[in-house]
Amino acid sequence: MAQKGAHTQSMSRSGTTHTSTDHYKQKAMETASASPTSVAHSSRNTMSGVGKCFLVTGSPGVGKTTLIMRIYESLKLSNPNLKLQGFYSQEIRQGNERVGFEVVTLGGRRGRLACTATPSPEAYQWPSVGKYKVDVASFESVVLPELKIREDTGLFIIDEVGKMELYSSYFFPAILNILQSDIPLLATIPIPKYGKDLPAVLRLKNHPGATMFTLDQRNRDAMKDQIYSQLVDMLPKPLKSKTRDAGLG
């Protein structure tokens, strides 16, 4: 199902340097206290009204990351000049054993998100999610710069807005900054645990510009096409080739 705000459309996630992270932390804190009006005046005006937010959910292992990366590859192929920012998460494996997760930016930068080992004495103080220790500093150093709004940003991709990522106190304010702009957001979110959403996830789902898509094994291709086509309709169009135009003239 694709749910939009309070109404519905039909259709049947799982060391790194920190030298420049403070700037983005400060911006995130400023955004959390800024009024939507002041942020809106500083954003672009290619879209009017509330920012668009596409949320993909589904059971662990159903293919949410694969889906948004397929959409990413299709967008890059159809519009190579489109500026895409964000990150995706993937497993770290040793043989057949999953020993952690890492985040990878769309530009290829990598950082540890969580691990089962304790790589340093400080790691004993890291927050835990199940058997994993969450490396918040590593996550922030990679992800926060990716969530900075730039003049030429066309779309943000976030995989995912989950419990590990939300241990960063600067992560969700950065997302709110995006939502207060006119730049579309494509993000994955976990399914509710014991029927209850994380507060930040619930806030996203209740955002007036949000549309939620529930992924399953049967609708992967159809959902990819649906989300892709909706994004293409609202994103900047590809620049025409000057050489081709000159030949047609």
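Accessible areas here come from the Shrake-Rupley method with a 1.4 Å probe, and for residues only the protein chains shown count as cover. This is a predicted model, in which local features need pLDDT of at least 70 and side-chain atom pairs count only at pLDDT 80 or more, while totals for chains, interfaces and linings use all residues. Residues are numbered from 1 along each chain as its sequence is written, and side-chain values use heavy atoms, with hydrogens and water left out.

**View 1. The whole protein chain.** The accessible surface of the protein chain comes to about 13100 Å², and 51% of that belongs to carbon and sulfur atoms. Of its 249 residues, 47% count as buried (under 20% relative accessible area; exposed is over 50%, partly exposed in between; 1.4 Å probe, protein chains only). The secondary structure comprises 8 helices and 11 strands, taken as DSSP runs numbered from the N terminus (helices: H or I, at least four residues; strands: E, at least two).

**View 2. Helix H3 and its cover.** Helix H3, residues 64-78, has 15 residues and reaches 21 Å from its first C-alpha to its last, close to the 21 Å expected (1.5 Å times one less than the number of residues). Buried residues of H3 include Leu67, Ile68, Ile71, Tyr72 and Leu75. An α-helix has 3.6 residues a turn, so residues three or four places apart point the same way. Among the elements covering the buried residues of H3 are strands E3 (53-57), E4 (83-94) and E9 (153-158), and helix H7 (220-234).

**View 3. Strands E3 and E11.** E3 and E11 pair in the parallel sense over 5 bridges; pairing requires that DSSP finds at least two bridges between two strands. The bridge partner of Cys53 in E11 is Ala210. Cys53 is buried, with a relative accessible area of 1%. In strand E11 (residues 210-214), 4 of the 5 residues are buried. The structure holds 0 disulfides (pairs of cysteine sulfur atoms within 2.5 Å).

**View 4. The largest nonpolar core.** This core has 35 residues, and those with the most contacts inside it are Ile158, Val161, Phe171, Ile175 and Leu185. A nonpolar core is a set of buried Ala, Val, Leu, Ile, Met, Phe, Trp, Tyr and Cys residues joined through side-chain atoms within 4.5 Å. Helix H5 (residues 171-179) gives the most to this core, with 7 residues. Leaving aside neighbours within four places in sequence, Ile158 is in contact with residues including Phe87, Leu147, Phe171 and Leu185 (contact: heavy atoms within 4.5 Å).
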